[in-house]
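The entries follow the order in which I consulted the structure.

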Amino acid sequence: MENAIKYFKNFFNEIFSNFKQEYIYTVIGKCIKILLVIFFMCLTIKIGNKIINRFVEKQSEMRFSLDERKSKTLGAILKSILKYSVYFVGIFILIDIVFNIKALTFAGIGGVVIGFGAQNLIKDIINGFFILFEDQYAVGDYISIQNKSGIVESIELRITKIRDFNGDLHIIPNGSINDVTNHSRGSMRVLVDVDISSEENIDKVINLINQVCLQEKQNKNIVNTPSVTGITAMKENIVTIRVVGRAKSMTQWDIEMDLRRKIKDVLDKENIKRPYPRVKILKEE
């Protein structure tokens with residue numbers, strides 16, 4: 001009896017020992033496969049991004065080339081497509097390694113994903129496609145979306161990234177973009193208002209300002225040379241003279257600041273008075 005018990009005990013110990021070893025080897029094998037898949041996913045994305053960057057840099061030398069903004073947009077789109085494609089294929093390979101589910105088709109998984117709320121994802125991708133197809137904006141454009149304004153940093157199939165002038169990065173799903181204001185298409189207005197004292201000779205001041213504006217012809221960013229359009233406001237002791245011109249997109253602010261500095265220097269040199277608050281003291285007899 002004791003021999004029989006010992007026999008069965010050794011028998012089951014041997015079975016469990018073999019099962020444990022096989023299980024450990026299986027787990028280790030799967031872990032190695034998972035690490036290799038993740039490594040090749042990262043390597044594919046890294047190499048693909050370098051190839052895309054090189055293509056974007058060299059496409060300007062091709063016969064049919066795009067401008068700088070559109071080429072950057074094309075590069076961002078290609079990187080986005082590469083990233084999502086690698087993630088998509090990699091996830092299915094990992095599912096097959098972990099769960100060994102080969103019968104699960106792409107259509108079946110797509111139905112499950114949609115059932116869990118992928119409608120927004122599909123909406124983002126479709127809307128992103130139309131944004132790119134209609135060329136609503138490109139990388140480097142200054143745009144306004146949903147009360148957020150900034151420079152387009154990246155356009156992807158699902159999201160758009162814009163960075164405002166404070167340095168904040170706004171990530172906006174393409175599906176939520178309904179209205180877009182593009183400030184970078186065409187030339188932009190240059191506007192400078194100059195306040196002077198009402199005691200000054202207006203014609204003299206206008207001639208001085210126009211002379212300063214003529215110097216801006218040499219600026220390559222000027223589209224229409226600024227000039228005095230006239231007097232826009234007259235108050236108690238203030239006369240406001242307006243200067244208007246046109247400049248290339250994203251350069252108007254620099255030109256405005258440069259004009260203000262030059263106009264101030266000329267007015268100071270000619271001793272043109274600026275308006276200042278006055279106080280009248282009435283003395284009763």
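Is Lys273 buried, partly exposed or exposed? I found Lys273 to be partly exposed, with a relative accessible area of 43%; the classes are buried under 20% relative accessible area, exposed over 50%, and partly exposed in between, with a 1.4 Å probe and protein chains only.

Basis of the entries. I note that this is a predicted model, in which local features need pLDDT of at least 70, side-chain atom pairs count only at pLDDT 80 or more, and totals for chains, interfaces and linings use all residues. Residues are numbered from 1 along each chain as its sequence is written, and side-chain values use heavy atoms, with hydrogens and water left out.

Salt bridges. I counted twelve salt bridges, taking each as a side-chain nitrogen of Lys or Arg within 4 Å of a carboxyl oxygen of Asp or Glu. Side chains of opposite charge can pair when their charged atoms come close.

I looked up Lys273 again and found its salt bridge with Glu199, in which the closest N and O atoms are 3.9 Å apart. Glu199 lies in the loop between strand S6 (188-197) and helix H5 (202-214), and Lys273 lies in the segment after helix H6 (252-269), 74 residues apart. Helices (H or I, at least four residues) and strands (E, at least two) are DSSP runs, numbered from the N terminus.

Glu216 forms a salt bridge with Lys262, at 2.9 Å between the closest N and O atoms. The pair links the loop between H5 and strand S7 (222-234) to helix H6, across 46 residues. I recorded Glu216 as buried at 2% relative accessible area, and Lys262 as partly exposed at 23%. Shared partners join Glu216, Asp258, Arg261, Lys262 and Asp265 into one network of salt bridges.

Sheet. I traced an open sheet of three strands in the order S6-S8-S7, with antiparallel pairing; two strands pair if DSSP finds at least two bridges between them. S6 and S7 are at the edges with a single partner strand each, so one side of each has no neighbour in the sheet. The twist averages 20° from one strand to the next. S6 pairs with strand S8 (residues 238-247) over ten bridges, and Ser197 has Ile238 in S8 as its bridge partner.

Helices on the sheet. H5 touches S6, S7 and S8 (contact means heavy atoms within 4.5 Å), and its direction makes about 160° with that of S7. Axes are lines fitted to C-alpha atoms, for helices over the stretch in contact, and angles run from 0 to 180 degrees between N-to-C directions. I noted that H6 lies across S6, S7 and S8, at about 25° to S6.
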